[in-house]
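The exercises below ask for contacts, interfaces and voids to be read from a set of coordinates. Each task is followed by a solution in steps.

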Amino acid sequence: MDFSHTPEQARLRQEIVAFARASLNANMIERDRGQVFSRELWKACAGLGLAGLPAPPEFGGAGLDPLTCAIALDAFGYGCADHGLVFSLSAHVMSCVVPIAKFGSDAQKHKYLPGLCDGTWIGVHAMTEAGSGSDPFSMRSQAVRDGAGWRINGTKTFISNAPEADVIIVFALTDPEARFHGGVTAFLLDRGTRGLKAGRNIEKMGLRTAPLSEVTFDDVWASDEAVLGGLGGGAFVFAHSMDWERICLFAAHVGQMERLMEQSIAYARTREAAGKPIGKHQAISHKVADMKIRLEAARLLTYRSASRLEVSRGVSLDAAVTKVFVSEALVQTALDTVQIFGGYGYTTEYEVERALRDALGATIYSGTSEVQRNIIANWLGL
Amino acid sequence: MDEIESEIKSYILESFLPNVNPEELTAATPLIAGGILDSVATIRLVTFLDERFGIEIQAHEVNAENLDSLTSIAALVRRKRTS
C-alpha cells in the first residue's frame, strides 16, 4: 500500500498546519490553567472544514474519504498545541457527525449536519455511565414507550463536549433483556429539550480545554423521528462511531507525536552537557530514534486502518490495534520528551509537561488499552 | 441444511466453537441466549455475512430474532439477497 499524499492531500495538510500554528496556539498555558474552551476557535476550525470532514458536501461537509480525514487530523494534531481543542473537535466528528451521516434519515441529515459542519452546533454522544465504562451495554439508562414517542431516564458520565453540546446522541435501553442484540437504541436530542441537563465541567489532569461533564435525562421525551439507526440499532451505531474514533481521532495523536519528536530534536541539538549537545549522547539520541520508529509505525498503521474504513465493515480489529499502538506510543513519546528536556521539561513554561498530561488520557478514552487487547484476542479466536 | 446454513455453521464452529463436536451445533442451538455470540463475536459474524454473501445487514437488524440460530441467520441472509 502506498500512502504518499496526493497533491490535494499535501495541500490540505499544509493549509491545516499553517492555520493551526497561526490561529490556535496563543496563550496555551493560561487557557490550559483556566480550562478555557473557545467557541470562537471552534468556529474558525469549522471554517476550514474540520468540523465536518467526512460529511457529504450537500449537507455542508468536506466530503473527505476516511484516509484523507486521517491525514487532515494528523495535520491538525501536528499544528495545534491545544490538544483539548483537537480532542473535542475530533470527538464531535467521530461520535456525532459520522453516525448521522451514516445512519441518519434524510430529515435528520438536513436538520443536523449543516449546523454541525459549519461550527454553529457542537455534537456529542452519550454512552458511558458511572457503573459501565468498559462494559457499556450493561447501561441502566432506559427509554420507555410513551404514546408516539419515548420517555428517556438515566445519567451518563464523562461525556466529552457535554457542557457545550447542542446536539446529543444518547444511547438507552429499549429492550433491557436484549441489550447489545437489539436492546439499545440511539436517540438524537437537541440542547434545551425539557429534562435534559448537562452538569458542571469535570476538571481533569490533561486535555483541560476540552469540556467534559455528566448528562442527566429526567423524563426526556423523544419522538420516533429522533431514533437514529432504527429501533434497537444503537449497538451498531455505537460500534461504527468507535471504529472511526479509534482510527481517525488517533490520527491526531500521530501528528502530536511528530511535533514532540521535532521539539526533542531541536532541544537535543542546542542543549549541551559534558561539552557537547545532548543529542550526541547515545542515551538521548536513541530515545529520539525510538520516537521516529514509533511515529512511522503509528502513521502507517493509522493510514492503513483508515483506508480500510472505506472498503470494509469489519474494521473493529484494525481499530483496536491502531488505538492501542498509537495511544501507548504517544504516552511513551511524551514521557521521553519530558525526560530529554530534563528539569525544563518538568516546568510549565516549556509546555511539554502539558503534552504529557494531555497524552495520558489516550490509553483510557475510546476504550482502555485493556479492553482493546480483549477485542484483539477475541478476534484472534481466544 | 442448505448451502447457506452450512457455510454459516462452518464459520461459527471454526471461529467461536473450535473444540465442539459439529453435531452439537444444530439449526436451533441458541447462539445469543447460549452465550456463543457476545458483542465482539456478533460483529465478527455480521462482518462475515456481509462480505461472504454480498449483503448489508442494517444496524436495527442485529438482534436475537435474526441471529439467535443458524435457521434465523440463514433466513436473514436469504431475505437480504432477494430484496
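**Exercise 1: contacts of one arginine**

With neighbours within four places in sequence left aside, R357(A) is in contact with D32(A), M205(A), G206(A) and R208(A). The model is a predicted one. Task: state which helix holds R357(A), and find the side chain with which the side chain of R357(A) makes a polar contact.

Solution. 
1. R357(A) belongs to helix 10 of chain A, which covers residues 352-360.
2. The contact list of R357(A) includes D32(A).
3. The side chains of R357(A) and D32(A) make a polar contact at 2.9 Å.

**Exercise 2: salt bridges**

Solution. 
1. Side chains of opposite charge can pair when their charged atoms come close.
2. One pair to examine is R299(A) with D74(A), a salt bridge whose closest N and O atoms are 2.8 Å apart. The cut-off for a salt bridge is 4 Å.

**Exercise 3: the interface of chains A and B**

Task: describe the contact between chain B and chain A by residues, buried area and polar pairs.

Solution. 
1. On the chain B side 22 residues are in contact with 21 residues of chain A.
2. The two chains bury about 1,600 Å² between them, with 61% of it on carbon and sulfur atoms.
3. I43(B), R44(B) and A59(B) account for 33% of the area that chain B buries against chain A, more than any other three residues.
4. Between the chains the count is one salt bridge. E56(B) forms a salt bridge with K102(A), and the closest N and O atoms are 3.2 Å apart.
5. Eight residue pairs are in polar contact between chain B and chain A, both residues being at pLDDT 80 or more.
6. Helix 2 of chain B (residues 39-53) provides the largest share of the side of chain B that touches chain A, with 10 residues.
7. By class, that side of chain B has 10 nonpolar, seven polar and five charged residues.

**Exercise 4: a pocket and a cavity**

Task: give the volume of the second largest pocket and name the helix that gives the most to its lining. Then do the search for cavities of 30 Å³ or more.

Solution. 
1. The second largest pocket has a volume of about 710 Å³.
2. Its lining has 31 residues, and K102(A), H240(A), W244(A), L309(A) and E56(B) lie nearest the centre.
3. At least two lining residues each come from helix 5 (83-103), helix 7 (234-270) and helix 8 (282-311) of chain A and from helix 2 of chain B.
4. Helix 7 of chain A gives the most to this lining, five residues.
5. The pocket lining divides into 16 nonpolar, eight polar and seven charged residues.
6. The whole structure has one cavity of 30 Å³ or more. The volume of the largest cavity is about 30 Å³.
7. R31(A), V36(A), F37(A), S38(A), L41(A), D82(A), L85(A) and T209(A) line the largest cavity. By class these are four nonpolar, two polar and two charged residues.

Note on methods: Residues numbered from 1 in each chain as written. Chains lettered and ligands numbered in written order. Predicted model: local features only at pLDDT ≥ 70, side-chain atom pairs only at ≥ 80, totals over all residues. Heavy atoms only, no water. Contact = heavy atoms within 4.5 Å. Buried area = accessible area lost by both parts, 1.4 Å probe. Salt bridge = Lys/Arg side-chain N within 4 Å of Asp/Glu carboxyl O. Polar contact = N/O pair within 3.5 Å; in protein donor to acceptor, adjacent residues only side chain to side chain. Helix = DSSP H or I, 4+ residues; strand = E, 2+ residues; numbered from the N terminus. Nonpolar A, V, L, I, M, F, W, Y, C, P; charged D, E, K, R; others polar. 1 Å grid on protein atoms, 1.4 Å probe; cavity = no way out; pocket = protein on both sides within 12 Å on 5 of 7 lines; lining within 4 Å. Points joined across faces, edges and corners; volume = space filled by probe spheres on them.
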